[in-house]
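User: I have a new model open and could use a guide. Let's take it piece by piece, starting with the charged residues.

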Amino acid sequence: MKEIIITKNEDGYKLRKVLSNYLSSAPASFIYKMLRKKNIVLNDKKADSDVKLKTGDSIKLYLSDDTIEKFSKKSEGDLDHSSMYFDPDIIYEDDDFLFCFKPINMLSQKAKPEDYSINEIIIDYLKKNGSVTDESLRTFKPSVCNRLDRNTSGIIVAGKTSHGSRYLSEVIRDRSIKKFYIAVVAGKCDIEGESTAYLSKDPKNNKVMIKNSPEKGYLEIRTRTKKLCYNQEEDITLLKIELITGKSHQIRAHLSHMGYPIIGDIKYGDRSVNSRFKQKVGLNNQLLTAYEVVFPDGDETISGKTYCADIPDIYKKLFRSYVWQPGKTED
């Protein structure tokens, strides 16, 4: 017999979710059958698979050790990346939430089993400090709740518990969280306020197309921009961007469509401008950083608060005259 005690990490999860995580290789039909035959019970009673769990609940699996081992073997994606580990750059952490800085050339979540993304780094960090264990990860895995492109740096928000993950997913989904970016674009950009366009993604080439008016297959996007500083000598503009809708490649493609490509963006940028900055300052990445999140009022520890990432030095180097105010939202 194996007993699983529900912790805060799994609080609010449905029974079938915890069981499918713990017995990750078991077909759903097997789990339903074991529940029906009371080989798996909740608080020593027969339970429906959709019942929501609370901290302290007891799940007992009256299964042989061989059966449990068979259905809970690590998947192909659970590889050992210990040699690649480094401590994440923590911006904020409490019992439910962890915010950190994702550097460029790193995935938010792995695309292939061998990838080591910021998500795996966070999990390894939590294992290292004792917040999670290999056993607890069998029923709940902390996860990043926003995604940034590989070559976009900036703030990543992650839920350490099911409650934290649900809250972050909710405020992202209902757009009550405000997300701000900084970017450096070619030319003098005087566009202020909200701009609307329509986006369609080409999955085969992992690229999006933008149009000014609605067409079949195109989704509306909205981006709000504000000019912070113009470098006349280099003919580049520092922008503050609020992402109102969150579509793939939205900021990069939308700005390029408006005639102001992001410096260093090899997919939507200007090749000659990118080459100039590579030669001049050794730039090998796009100048787009998710630097600030503002949470709505509420009852969470993070409600009504603003969290900012550090501004990368390259921005300060290109805009020496601009007075940076870390930790504050520009008005």
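**Charged pairs**

Analyst: Aspartate 190 is partly exposed, with a relative accessible area of 43%. Buried means under 20%, exposed means over 50%, and partly exposed lies in between (1.4 Å probe, protein chains only). This is a predicted model, where local features need pLDDT of at least 70 and side-chain atom pairs count only at pLDDT 80 or more, while totals for chains, interfaces and linings use all residues. Residues are numbered from 1 along each chain as its sequence is written, and side-chain values use heavy atoms, with hydrogens and water left out.

User: Which residue forms a salt bridge with aspartate 190?

Analyst: Lysine 227 does, with the closest N and O atoms 2.7 Å apart. A salt bridge here is a side-chain nitrogen of Lys or Arg within 4 Å of a carboxyl oxygen of Asp or Glu. The pair links distant parts of the chain, 37 residues apart. Lysine 227 sits in strand β11 (residues 219-231), and aspartate 190 in the loop between β8 (178-186) and β9 (193-202). Strands (E, at least two residues) and helices (H or I, at least four) are DSSP runs, numbered from the N terminus.

User: Why do such side chains pair up?

Analyst: Side chains of opposite charge can pair when their charged atoms come close.

User: How many salt bridges does the structure hold?

Analyst: It holds 18. One of them joins the side chains of lysine 8 and aspartate 96, at 3.3 Å from N to O. Lysine 8 is in the loop between β1 and α1, and aspartate 96 in the loop between β4 (89-93) and β5 (97-102), so the pair ties together parts 88 residues apart in sequence. Lysine 8 is partly exposed at 40% relative accessibility. Aspartate 96 is buried at 10%.

User: What about arginine 222 and glutamate 194?

Analyst: Their side chains meet in a salt bridge too, 3.5 Å from N to O. Arginine 222 is in strand β11 and glutamate 194 in strand β9, 28 residues apart. Salt bridges that share partners join Glu194, Glu220, Arg222, Arg224 and Glu242 into one network.

User: New topic: sheets. In what order do the three strands of the open sheet come?

Analyst: The order is β1-β3-β2, with antiparallel pairing. Two strands pair if DSSP finds at least two bridges between them. The edge strands are β1 (2-5) and β2 (40-42), each pairing on one side only. Four bridges join β1 to β3 (residues 58-61). Glutamate 3 stands opposite lysine 60 in β3.

User: Which helix lies across those strands?

Analyst: Helix α1 (residues 15-22) lies across β1, β2 and β3, at about 50° to β3. Axes are lines fitted to C-alpha atoms, for helices over the stretch in contact, and angles run from 0 to 180 degrees between N-to-C directions.

User: Which residues of α1 are buried?

Analyst: Leu15, Val18, Leu19 and Tyr22. They cover an arc of only 95° around the axis, which puts them on the same side of α1. That arc is taken from the directions from the helix axis to the C-beta atoms. What covers these residues includes β1, α2 (28-36), β2, β3 and α3 (65-71).

User: How many residues of α6 are buried?

Analyst: Six of the eight residues in α6 (250-257) are, so the helix is largely enclosed by the rest of the structure. They pack against β8, β9, β10 (207-211), β11, β12 (236-243) and β13. Just after α6, glycine 259 takes a positive phi of about 100°.

User: And how many residues of β5 are buried?

Analyst: Six of its six, which leaves β5 mostly covered. β4 and β5 form a hairpin with three residues between them. Six bridges join β5 to antiparallel β7 (residues 153-159). Phenylalanine 99 in β5 stands opposite tyrosine 92, and also opposite valine 157 in β7.

User: Last one: where is asparagine 285 found?

Analyst: In the loop between α7 (271-281) and β13 (288-294). Asparagine 285 counts as buried, at 16% relative accessibility. Leaving aside neighbours within four places in sequence, asparagine 285 is in contact with Ile104, Ile263 and Gly264. Contact means heavy atoms within 4.5 Å.
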